[in-house]
Amino acid sequence: MAVEAYAPRNSDQIHTDVLYNSRLACYKARDAFYACLEKESGKKPSEIGSVGLLYPIECKSSRKEFEKNCRASWVKHFDRQYCKNKRTQRLLDDKDARRGPLSLPQSYTFKPTSS
């Protein structure tokens, strides 16, 4: 009987408002961190996040908020997603620079050496 007194009455009840609010807080912290990354992209990264993500020290406080408000698995997922998107964008940007006629090395004419 004592255990029943401490058990929640509706143990199967899901508090959707709590889940929704925590997701919103996570998304806001994530967006703030990645906005800081974009804003400070010219500065040298000195801090290391998950999955090898590097970020400048100016974004350290927003990174802490991001890690505090989101689950570790979500942080890792969002970091991977961000790195993948940046890599894809970099590849697409590189292809634009490589368009146009293909420049081949010039043919060389060698003079025979007289021996």
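1. A crossing of two helices is called left-handed if the near helix is turned anticlockwise from the far one by less than a right angle, and right-handed if it is turned clockwise. In this predicted model, α2 passes α3 in a left-handed crossing.

2. On conventions: residue numbers start at 1 in each chain and follow the sequence as written. Because the model is predicted, local features need pLDDT of at least 70 and side-chain atom pairs count only at pLDDT 80 or more, while totals for chains, interfaces and linings use all residues; side-chain values use heavy atoms, with hydrogens and water left out.

3. Confidence is given as pLDDT, the predictor's confidence in each residue on a scale from 0 to 100. The protein has a mean pLDDT of 80, and 72% of its residues reach 70 or more. Among the elements, α3 has the highest mean pLDDT (94) and helix α1 (residues 2–6) the lowest (54). Where pLDDT is low, the predicted coordinates should not be read in detail.

4. The secondary structure comprises four helices and two strands, taken as DSSP runs numbered from the N terminus (helices: H or I, at least four residues; strands: E, at least two). Their order along the sequence is α-α-β-β-α-α.

5. Two totals describe the chain. Of its 115 residues, 20% count as buried, where buried means under 20% relative accessible area, exposed over 50%, and partly exposed in between (1.4 Å probe, protein chains only). Contact means heavy atoms within 4.5 Å; among contacts between residues at least 6 apart in sequence, 49% join residues at least 24 apart.

6. Helix α2 (residues 16–39) packs against helix α3 (residues 60–69) at an angle of about 155 degrees, and their axes are 8 Å apart. The axes are lines fitted to C-alpha atoms, for helices over the stretch in contact, and angles run from 0 to 180 degrees between N-to-C directions. The two helices are therefore roughly antiparallel (angles under 35 degrees count as roughly parallel, over 145 as roughly antiparallel, 65 to 115 as roughly perpendicular and the rest as oblique).

7. On the α2 side, the residues in this contact are Ser22, Ala25, Cys26, Ala29, Arg30, Ala32, Phe33, Tyr34 and Cys36; on the α3 side they are Ser62, Arg63, Glu65, Phe66 and Asn69. These residues divide into eight nonpolar, three polar and three charged. In that count Ala, Val, Leu, Ile, Met, Phe, Trp, Tyr, Cys and Pro are nonpolar, Asp, Glu, Lys and Arg are charged, and the others, Gly among them, are polar.

8. Cys59 lies in the loop between β2 (54–55) and α3. Its relative accessible area is 0%, so Cys59 is buried. Leaving out residues up to four places away in sequence, Cys59 touches Phe33, Cys36, Leu37 and Glu40. Its C-alpha atom is separated by 9.5 Å from that of Lys39, 20 residues away along the chain.

9. Glu40 belongs to the loop between α2 and β1 and counts as buried at 13% relative accessibility. Apart from neighbours within four places in sequence, Glu40 is in contact with Pro56, Glu58 and Cys59.

10. Glu47 is in strand β1 (residues 47–48), and with a relative accessible area of 17% Glu47 is buried. Neighbours within four places aside, Glu47 contacts Leu53, Leu54, Tyr55, Pro56, Ile57 and Lys60.

11. Asp79 is in helix α4 (residues 72–97) and counts as buried at 0% relative accessibility. Beyond four places in sequence, Asp79 touches Phe33, Tyr34, Ser50, Val51, Leu53, Arg63 and Phe66.

12. Val75 is also placed in helix α4. Val75 is buried, with a relative accessible area of 5%. Val75 and Arg30 are 45 residues apart in sequence, with 8.2 Å from C-alpha to C-alpha.
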